[in-house]
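Here are my notes on the structure, as numbered points. Please read them alongside the model.

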Amino acid sequence: MVALTAGTFLYAGCGSKNEQSLTDCLIEKNVHLYSAWWCMPCLQQEQTLEKELGEEWGYFKENIVVQCYEESKISLVQQCEDKKIEFFPAWEFPNRNPNWEYGVQSLEKIAKLAGCEYNI
């Protein structure tokens with residue numbers, strides 16, 4: 001687990017020599033977290049990420065998290081149906097094989113699986 005301190009966590013190694021945020025690296029790597037509003041592990045994952053990312057959480061959620069079910073509806077959104085997602089939370093890492101990881105993950109593991117070097 002990554003502890004938060006005052007300041008921003010930086011990650012490097014996403015095809016750039018400059019440091020960048022984990023969110024920017026994950027966007028560059030086309031990583032997504034597929035989630036469902038009724039899924040307790042998904043809620044735990046999102047709460048953990050919100051705590052660890054701090055101010056960057058909104059940007060992360062907007063660009064990386066895909067809600068597979070609209071709140072209070074039972075039909076899967078098309079993007080999730082197309083991916084044939086059956087388990088939540090589901091992390092997609094397109095640049096690795098296998099490209100799916102299921103369950104709650106730490107920021108450190110997410111960065112490693114995506115190919116982003118972890119730096120504070």
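1. Two strands are taken as paired if DSSP finds at least two bridges between them. Helices (H or I, at least four residues) and strands (E, at least two) are DSSP runs, numbered from the N terminus. The model is predicted: local features need pLDDT of at least 70 and side-chain atom pairs count only at pLDDT 80 or more, while totals for chains, interfaces and linings use all residues. Residues are numbered from 1 along each chain as its sequence is written, and side-chain values use heavy atoms, with hydrogens and water left out.

2. With E3 the strands run parallel and are joined by 3 bridges; Leu33 has Val65 as its bridge partner in E3. With E4 they run antiparallel, again through 3 bridges, and Tyr34 has Ala90 as its bridge partner in E4.

3. Which way do the residues of E2 point? His32 and Tyr34 point one way, and Leu33 and Ser35 the other way. All four are buried, where buried means under 20% relative accessible area, exposed over 50% and partly exposed in between (1.4 Å probe, protein chains only). For Tyr34 the relative accessible area is 0%.

4. The largest nonpolar core has 19 residues. Such a core is a set of buried Ala, Val, Leu, Ile, Met, Phe, Trp, Tyr and Cys residues joined through side-chain atoms within 4.5 Å. Leu26, Leu49, Phe60, Trp91, Phe93 and Cys116 have the most contacts inside this core. Two or more residues each come from helix H1 (22-28), helix H2 (40-53), helix H3 (57-64) and helix H5 (107-114). H5 gives the most, with 5 residues. Apart from this core lies another, of 11 residues, with Tyr34, Cys39, Val66 and Cys80 among them.

5. Leu49 touches Leu33, Gly54, Trp57, Phe60, Trp91, Leu107 and Ile110, leaving aside residues up to four places away in sequence. Contact here means heavy atoms within 4.5 Å.

6. In H3 the residues Trp57, Phe60 and Ile64 are buried. They cover an arc of only 65° around the axis, so they are on the same side of H3; the arc is that of the directions from the helix axis to the C-beta atoms. An α-helix has 3.6 residues a turn, so residues three or four places apart point the same way.

7. Rings of Phe, Tyr and Trp (its six-membered ring) pair if their centres lie within 6.5 Å; planes under 30 degrees apart count as stacked, over 60 as edge-to-face and the rest as tilted. The count by this rule is 9 aromatic pairs. Tyr34 and Trp100 have ring centres 5.6 Å apart and planes at 45°, so this pair is tilted. Because Tyr34 lies in E2 and Trp100 in strand E5 (residues 100-102), the pair ties together parts 66 residues apart in sequence.

8. Phe87 and Tyr102 form an edge-to-face pair, 5.9 Å centre to centre with 80° between the planes. Phe87 is exposed at 52% relative accessibility, and Tyr102 is partly exposed at 41%. Ring pairs link Tyr34, Phe87, Trp100 and Tyr102 into a cluster.

9. Lys83 lies in helix H4 (residues 78-83) and is partly exposed, with a relative accessible area of 34%. Beyond residues up to four places away in sequence, Lys83 touches Tyr34, Glu92 and Trp100. The C-alpha atoms of Lys83 and Tyr34 are separated by 9.8 Å, at 49 residues apart along the chain.
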